[in-house]
Amino acid sequence: MSAVRAIVTGAARGIGRAIALRLARDAADHGGARLVLSDMHGDELQVLAEELRQMGAQAVPVVGDLSQSDAPLALAQAAQAFGGLDAVASNAGFGTFGLLLDYAIEDWDKIFAVHVRAPWLLAKACHAELKKSRGSFVITASISGTHATPPGGAYSASKAAAIMLARQLAVEWGPDGIRVNTVSPGMTLTPLTRDMYTRPGVLEQREARVPLGRVGQPQDIANAVAFLMGPDAAYISGTDLVVDGGLVNTLMAYNRSWKIDQPPS
Ligand SMILES: NC(=O)c1ccc[n+]([C@@H]2O[C@H](COP(=O)([O-])OP(=O)(O)OC[C@H]3O[C@@H](n4cnc5c(N)ncnc54)[C@H](O)[C@@H]3O)[C@@H](O)[C@H]2O)c1
């Protein structure tokens, strides 16, 4: 792969961090990646930027809250100052869980602002540069965007909207040579989910539900994002790439240890 000029949001932790490291590694022997890193956590962003520089990448951290409508434009401007843009990983996200009956309007608005409005505004702000490079825009969605997951509250609805946003952009911007896709992670071990997985028995219980027998690691998702950004995905647009170890193809209380002659009780 040639040198990549990219924006990665939610880069301080988890999947976003893994995407930035993967892009830097891929471009290390090809002139180095030029990355605009976005997150609310400035200290962790600085640590990552330093790590990336040691790998031969150029990295510009931009600290900001993507629930604010002016934040995406600042990222596009930083990328422009860097000399252009080949790819965007619109990945920042969070969960405010609860039942929809009790869900607060502020929580609804915030989750839609970060998961749907921010990718839209970021895509808009990057359109001109991506058109020049015939670039790629990848949104991190979720299997929750296609499968209801109580107590997901507005999380599932916002991820469903993100998947449709990508499809709509793919149709509108195909003629400009811009590809737009989503990656939908399944259960993935990151700082977002770490507390849950440290509760006794939760990891084992979840591993047993996944046909491939483990929860995902941030690198599993980063690999899929890098693929969709790169030339091997030149004819892929408007697609949702599910990276979940086979989980969504299971129904009911699937368990890997089931045997045909020992049906679940
Ligand atoms: N971990 C999972 O199991 C899982 C599953 C499906 C989808 N996802 C999605 O993957 C993406 C990355 O999640 P992760 O698991 O790496 O989480 P994480 O918490 O480890 O990392 C998310 C990063 O996004 C940043 N972020 C959150 N809100 C932001 C905002 N308003 N402005 C700027 N930065 C913000 C956080 O500071 C954090 O660094 C999210 O969109 C999440 O919804 C995660």
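How do the residues of the shell around the ligand divide into nonpolar, polar and charged? The shell comprises 12 nonpolar, 13 polar and four charged residues, where Ala, Val, Leu, Ile, Met, Phe, Trp, Tyr, Cys and Pro count as nonpolar, Asp, Glu, Lys and Arg as charged, and the others, Gly among them, as polar. The model is predicted, local features need pLDDT of at least 70, side-chain atom pairs count only at pLDDT 80 or more, and totals for chains, interfaces and linings use all residues. Residues are numbered from 1 along each chain as its sequence is written, and side-chain values use heavy atoms, with hydrogens and water left out.

Of the 29 residues around the ligand, those that come nearest are I15, D39, L66, Y155 and T190; a residue is near a molecule or strand if one of its heavy atoms lies within 4 Å of it. At least two residues of the shell are supplied by each of α1 (14–27) and α5 (154–173). Helices (H or I, at least four residues) and strands (E, at least two) are DSSP runs, numbered from the N terminus. Oxygen atoms of the ligand lie 2.9 Å from a polar side-chain atom of H41 and 2.9 Å from a polar side-chain atom of K159. For L192, a backbone N or O atom lies 3.4 Å from an oxygen atom of the ligand. The protein buries 95% of the 820 Å² that the ligand exposes when taken alone, the accessible areas coming from the Shrake-Rupley method with a 1.4 Å probe; for residues, only the protein chains shown count as cover.

In soluble globular proteins, nonpolar side chains tend to be buried together. A nonpolar core is here a set of buried Ala, Val, Leu, Ile, Met, Phe, Trp, Tyr and Cys residues joined through side-chain atoms within 4.5 Å. The largest such core has 34 residues, of which I19, L23, L35, L37, L52 and V183 touch the most other members. Each of β1 (5–9), α1, β2 (34–39), α2 (42–54), β4 (87–90) and α8 (218–229) supplies at least two residues of this core, and the largest share, eight residues, comes from α1. A second, separate core of 28 residues includes L85, V88, L165 and A166.

Strand β6 (residues 179–185) contains T182, and V180 is also found in β6. T182 is buried because its relative accessible area is 1%, buried meaning under 20%, exposed over 50% and partly exposed in between (1.4 Å probe, protein chains only). V180 is likewise buried, at 0%. Leaving aside residues up to four places away in sequence, T182 touches I139, A141, A162, I163, A166, L228, T239, D240 and L241, contact meaning heavy atoms within 4.5 Å. With the same exclusion, V180 touches F137, A166, L169, A170, W173, S237, G238 and T239. The C-alpha atoms of V180 and R167, 13 residues apart along the chain, are separated by 7.0 Å. Beyond its neighbours within four places in sequence, V183 is in contact with residues including V138, I139, I221, V225, L228 and V243.

L203 lies in helix α7 (residues 202–209) and is partly exposed, with a relative accessible area of 22%. Not counting residues up to four places away in sequence, L203 touches Y197 and V215. The loop between α4 (105–133) and β5 (136–140) holds R134, which counts as exposed at 57% relative accessibility. Phi of R134 is near 50 degrees, a positive value in a residue other than glycine.

Key
A polar contact is a pair of N or O atoms within 3.5 Å; within protein, one must be able to donate a hydrogen and the other to accept it, and residues adjacent in sequence count only if both atoms are side-chain atoms.
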